[in-house]
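Take a walk through this protein model, from the whole chain down to single elements.

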Amino acid sequence: MKGVEVQAGATLGRRFTVLRTAPHDVPGVDRWVAQDARRAVEVNLDVVTSLAPGAVRRAAVRAAQVRDARFARVIASGRETLDGERITYVVTERPRGVSLAALAGERIVPATVVASIVGESARALQVAASQGIHHGYLRPSCITVTDAGRVIVAGLDADGELATQASLGRGRTEAADAGALGRIMLTLITGMDSSQVTVRDLPADLPPAMADLARAAVAGTGPSTLHQVAEALGPADVARLRGLRHAIGELPEVEHEEPEPVAAMTVDLGTLAAAEREAAAARSAGLTDPSVLAALSQGQLSSEALEQRARAPRERAAGERRSRDPRAQYATPSQAAQFSPRTRRAVERTQDEPLGLDTFEDMNLEQNAGEDRSIWQAMLEFAQRHLPENAPLDTAVEWSRERARRSGPLNSGPLLVGLVLTGLVIIGLVAFESLVTPVEPGTEVSVDPVPAYPDFTYSPEPLPSPSPAEE
């Protein structure tokens with residue numbers, strides 16, 4: 001966000017405390033290292049300054065849905081108001097290990113190690129591609145090999161969105177990711193820029209499948225799918241990857257040619273006189289340092305001195321801003337380590353393990369990722385199409401659209417209704433059971449005795465005499 005500067009010590013999302021800046025090679029992002037108060041670990045906090053921060057945030061939400069431990073986990077994303085301006089930020093896991101940026105162009109890496117790293121990256125990207133998600137801007141700096149021998153790919157989908165907004169990259173497709181892996185492989189095995197590698201520069205001891213893949217990458221004809229990369233390079237050798245950090249010093253260094261000194265330029269007297277007149281005019285207008293005019297008049301002005309004098313005012317202004325702002329200081333370790341040693345040790349043991357359950361922030365982000373229309377909004381838009389130029393109806397439609405774009409908490413209405421209905425059913429069952437079962441099992445219930453009537457009755461003795469009418 002232009003005009004908004006995050007300072008060290010600020011807290012975003014009531015959870016992430018900004019510690020210090022960190023280098024990042026993607027335009028449109030200011031990267032900071034922050035302290036996660038919930039997990040007591042350092043994370044990457046990216047403040048999005050690109051043209052469309054919302055698109056970058058949505059890409060991060062899509063990447064968070066890919067559940068694979070070989071991707072740097074997206075922890076949270078959100079919006080925060082600082083100095084009256086809204087900023088968008090994305091928080092991701094900070095991988096610990098050897099970044100390929102420290103090897104590319106500096107060391108020549110053995111083919112077996114390169115095959116393990118690039119092949120494992122291809123298999124991880126295959127998982128994301130099966131869900132329709134691609135990286136879009138693969139480069140050595142976004143691939144890290146941990147000390148446990150695990151390959152981690154950072155920036156899934158989000159880096160591709162940033163590269164697209166900055167007119168970089170070659171699109172977010174599987175073919176683009178596969179081609180980028182091929183170029184990374186060429187850089188690692190030769191120590192050269194991939195665009196300058198020829199077939200003669202390839203090592204002679206490459207396995208046949210890897211050699212074919214490298215020749216296709218040199219010619220620009222492949223690879224076109226991630227399956228080709230994974231199949232040609234084979235499974236990862238975890239044992240070799242575990243010892244990569246300790247083996248860096250033994251890898252052959254790449255010899256860099258020293259640039260040839262530039263010959264001094266000869267300036268004629270006419271050009272020098274014109275420059276002197278312009279410098280005098282600038283000095284009278286207060287636009288230049290008086291020492292520049294003096295050096296120019298003596299013919300002693302060099303490009304290095306001019307650059308140094310141009311940097312001096314900017315450095316003084318930056319120093320004054322830092323001295324005026326008390327927050328522009330790095331947080332101390334005592335402020336970062338706010339938890340007990342037991343908690344820190346537990347986090348260190350489990351920091352590389354993926355979480356089995358979604359956090360509340362992840363569920364909320366997935367719920368608010370899209371702008372689904374509600375039934376009420378659909379009804380209003382239907383009525384608006386049939387009743388145009390209706391001011392109250394137009395206002396209601398705009399309100400419903402604004403409400404759909406605004407993030408909200410989880411909808412608790414259906415949950416409460418379900419809980420109430422469940423409680424009523426349970427109460428009814430208990431009451432019915434109480435009616436059909438004695439209150440205390442085992443107690444005897446008094447029942448009126450049934451009279452003991454004889455099975456039949458006897459006729460009186462002697463038998464009655466017949467009536468006179470029957471005689």
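The protein chain holds 17 helices and 9 strands. Both are DSSP runs numbered from the N terminus: helices are H or I with at least four residues, strands are E with at least two. The model is predicted: local features need pLDDT of at least 70, side-chain atom pairs count only at pLDDT 80 or more, and totals for chains, interfaces and linings use all residues. Residues are numbered from 1 along each chain as its sequence is written, and side-chain values use heavy atoms, leaving out hydrogens and water.

Of the 471 residues, 35% are buried (under 20% relative accessible area, with a 1.4 Å probe and protein chains only). The accessible surface is about 29,900 Å², by the Shrake-Rupley method with a 1.4 Å probe. Carbon and sulfur atoms own 55% of that surface. Among contacts with a separation of 6 or more, 63% join residues 24 or more positions apart; a contact means heavy atoms within 4.5 Å.

Now the sheet. Six strands form an open, antiparallel sheet in the order β1-β2-β3-β4-β6-β5. Two strands pair if DSSP finds at least two bridges between them. At the edges lie β1 (11–12) and β5 (74–82), each pairing on one side only. β1 pairs with β2 (residues 16–21) over 2 bridges. There, Leu12 has Phe16 of β2 as its bridge partner. Helix α1 (residues 53–64) packs on the sheet and touches β4 (41–48), β5 and β6 (85–93).

Which residues make up helix α17? Residues 413–436 do, 24 in number. α17 reaches 35 Å from first C-alpha to last, close to the expected 34 Å (1.5 Å times one less than its number of residues). α17 is hardly covered, with 0 buried residues.

Technical notes: Buried < 20%, exposed > 50% of the residue type's maximum accessible area, 1.4 Å probe, protein only. Axes fitted to C-alpha atoms, helices over the stretch in contact; angles between N-to-C directions.
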